[in-house]
Amino acid sequence: MQVSMTVNGEPVTREIEGRLLLVHFLRDHLGLTGTHWGCDTSNCGTCVVWLDGEPVKSCTVLAAMAGGHDVRTVEGLEQDGELDPIQQGFMECHGLQCGFCTPGMMMTGRALLDRNPDPTDGEIREAISGQICRCTGYATIVRSIRWAATHPHGKQPEPELAGAES
Amino acid sequence: MTAVTERRLTEFTDNDQHPVGYGRMLRKEDPRFVRGKGHYVDDVQLSGMLHLAILRAPMAHARIVKIDVSAAQAHPKVKLVVTGAMLAEKNLAWMPTLSNDVQAVLATDKVRFQGQEVAFVVAEDRYSARDALELIDVEYDVLEAVYDARRALDPDAPVIRDDLEGKTDNHIFDWEAGDAAATEAVFAGAEVVVTQDLVYPRVHPAPMETCGAVADYDAVNGKLTLWSTSQAPHAHRTLYAIVAGLPEHKIRVISPDIGGGFGNKVPIYPGYVCAIVGSLLTGKPVKWMEDRSENLTSTSFARDYVMRGEIAATKDGKILAVRTNVLADHGAFNGQAAPVKYPAGFFGVFTGSYDLQAAYCKQTAVYTNKAPGGVAYACSFRITEAVYLVERMVDCLADELQMDPAELRLRNFIRPEQFPYETKTGWVYDSGEYEKTMREAMRIAGYDELRKEQAEKRARGELMGIGISFFTEAVGAGPRKDMDILGLGMADGCELRIHPTGKAVVRLSVQSQGQGHETTFAQIVAEELGIPPDDIEVVHGDTDQTPFGLGTYGSRSTPVSGAAAALVARKVRDKARIIASGMLEVSVADLEWEKGAFHVAGDPGKAVTIQQIAMRAHGAGDLPEGIEGGLEAQICYNPSNLTYPNGAYICVVDVDPGTGVVKVRRFVAVDDCGTRINPMIIEGQVHGGLADGVGMALMEMIAFDEGGNCLGGSLMDYLIPTALEVPDWETGFTVTPSPHHPIGAKGIGESATVGSPPAVVNGVIDALEPFGVRHVDMPLTPSRVWDAIQGHATPPI
């Protein structure tokens, strides 16, 4: 069957099998390998992308179901060469180690901040509780999302460093 | 040096004692990961690539009667179907394990655990390969399964490994450590003896990226390139050469970005071999990527120890001896990944952090109809089990003596002046200041206030617990006279090349699965040479581009490869000093090194930087006599001893008496890993291990039913903590450098996984004190805790 959708703002049309999962469509057919596949049961959340602005687990969505809809992946977070504050936050606060869960965590974190710009730590933990990270123990992920909340315009240029030597 | 780097230096060095230069700098690898540009094995796409899927055994123990692959072969998108019998014709049906056993690549005679590899299909796409598995018809003759190690040695237990000539039981090995007679003498005369049975259940590392490989055999050049999820690419390459008979220089193993390892990616799995065979037979690149269920049911598990602990002491709390008897479940093949002279791994450090008069351990390992493995999940070669044993026993003793568990530990620690300290099982601890580390944890936790709060809550019928553990790890395997894996010494190489413009490339034999090597190792070289870390490229994970070494596991990268990086940089600096003496026209002895430059002693203005020296080394003009051009060096570092990181952990839990639900309210971790290189990365390593520990203590277990069916085969059944089950960690540190490591560093990657489970369990048992509960086996699920509150016996695992 033929499926058409918008992915990161670009229209795409492909001939696919009806049973093809969205995660495999993105990875194998479009080469967008930032979205990962970590389990078969919707437990791990490494595959989270946005479908019309809502975080979904793309291992549990058929590519056909995304037809006519707007999909956004981690590759779409960076705009005009500027990293999204959520991406900067993960770097600033050591919110990642192996990086495998990171795209899904960032997509959920960005979606949370879009509807709740100043979440509590408890609300952040709740938002990412459908996703698993084996490396970080979550505290730095919470801090990373909080960093993005407190830096809505991202990292500002470094101040002058006069006298900072020695 | 750029302004940004300078700012990091000045901003962060004051935050921590003694970090190696550049301290808390942000990670160099992160820009690609946050853009989704990490490159993992499943991201490898090659022209004409085929996909491999594996048919697995549906039951734990059965004889294979017949396999019919004709329908699968007829599938229009299938290129190849292979069974064990076909591999046997090529002498590839069995492969050696890392413990000198053999393991079936594809089963020929019997299947020996549920999930074992039986056949594989290579097809044009992922889905078709899976479809074709459904078309393979296997007839099995089902046999009784041994699902419990305690049953394995019964005279009437079915013999699992009848493939081994003359094998008539399920016994693998007996191993002992310490002095049995001396220990018995101490126990016989002791005022207090406490005995406790403990089960450390089977758990699984479950990295977020499962295992997989892409094999690409180039028939023209005879070269095999294998992208694989390997924590030890060099060791894997050598073993492939030995197993498959391919010349070693014609094998290139690439471990690209790896989505977590935790020991799960140390062994060679049948799937890797199948991918290689698939590529050899089809002439095309072949990708195999297991799914989560395959990962949980067939790849290397961890623990599965049935232990009896005994501790002897005086009435006033002087610990005299520890003794233990262990039954170790190694699964259907002994695939444990540990140095060959250490069949029980480093369990011998079960004497813990205490100054004892005697200690003894006897261990028996058995085969069962369960997946092979045993050393995985950040266990530092079984130290996880050892620390759990001794730290639970110390708490049981504290309960018996009605003594505060912190006080009991403080009375028995090895004292700083006793280092280097040889334990009663022969391990030489390098350094530690245990009391200082323990008191720092008690200070951060507010220990005395917590005990007051607990007393008030108990008076109100609320269940609050405070759990303590103190661990000593033994990491950085290891000295080549003692430690090898299948004859390969556990040394690590490092190569460093300074380019003409003063930028550098450092090539490591170890490989990162998230530990941040590209940053930490750049920092080590930067500290030694004064070249900014951003100017140093770290290359790792590719056997064609890096020197030989044994890889990353057992917290060995910084203790072994980190030492190699520091020493290779010093070797470069030594040569630079000679070149500088020529440039400045003074003798070598008149030069002093500071901040990336040599200057003439007493005349700091007369100096040349390492960058200027690099240009001279590659440029025109004379060099001092006997000095070759170029500025590079290589080294192979053989550690003289392991390093012994240690730490004090305090866990505060609340238990709901109505439901048995445990909430970890606070967790304080004070780690001493010697010299700290990047405190941000160190804390990250600790955080991750603490979450592992909470998971193991409260929810993680790979259980089996009486038929040998795995009950933990998906993430719906094998529970891993989410952000809601863990607290915001509170970390601290002390710094006691390792005396034999060039920069005083010790490993840190596994400390928290090793040290945290007993802290959580001790906390829960402490909370249950009003009910007289002495012990509950992990995982402390609500039902187990509720049963304990009701006075029911702990259900067997």
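Modeller: Helices (H or I, at least four residues) and strands (E, at least two) are DSSP runs, numbered from the N terminus. This is a predicted model, where local features need pLDDT of at least 70, side-chain atom pairs count only at pLDDT 80 or more, and totals for chains, interfaces and linings use all residues. Residues are numbered from 1 along each chain as its sequence is written, while chains are lettered from A and ligands numbered from 1 in the order in which they are written.

Colleague: Thanks! Which strands does helix 8 of chain B lie across?

Modeller: Helix 8 (residues 233–244) of chain B lies across strand 12 (223–228) and strand 13 of chain B, at about 150° to strand 13. Such angles run from 0 to 180 degrees between N-to-C directions, with axes fitted to C-alpha atoms, for helices over the stretch in contact; contact means C-beta atoms, placed from the backbone, within 7 Å. Helix 9 (residues 270–282) of chain B also packs on the sheet, touching strands 1 (50–56), 3, 7 (117–123), 11, 12 and 14 of chain B, and its direction makes about 30° with that of strand 11.

Colleague: In what order do the strands of that open sheet come?

Modeller: Strands of a sheet pair through backbone hydrogen bonds, either parallel or antiparallel. Here pairing requires at least two DSSP bridges. In chain B, seven strands follow the order 3-7-1-14-11-12-13, with mixed pairing. Strand 3 (78–83) and strand 13 (251–254) of chain B are the edges, each pairing on one side only. On average, neighbours are turned by 20° against each other, direction ignored. Strand 11 (residues 212–218) and strand 14 (residues 286–289) of chain B run antiparallel and share four bridges, and Gly212(B) stands opposite Met289(B).

Colleague: How do I read helix 18 and helix 19 of chain B?

Modeller: Two packed helices are described by the angle between their axes and the distance between the axes. The axes of helix 18 (residues 679–698) and helix 19 (residues 751–767) of chain B come within 7 Å and cross at roughly 40°. Residues that meet there include Val686(B) and Leu690(B) from helix 18, and Pro757(B) and Val760(B) from helix 19.

Colleague: Is Ala206(B), with its positive phi, buried or exposed?

Modeller: Ala206(B), whose phi is about 40°, is in the loop between strand 10 (192–203) and strand 11 of chain B. Ala206(B) counts as buried because it has 29 C-beta neighbours inside 10 Å (buried means 20 or more other C-beta atoms within 10 Å, exposed 12 or fewer, partly exposed in between, with C-beta atoms placed from the backbone). Arg303(B), in strand 15 (residues 301–313) of chain B, has phi near 65° and is buried too, with 28 such neighbours.

Notes:
Two residues are in contact if their C-beta atoms, placed from the backbone, lie within 7 Å.
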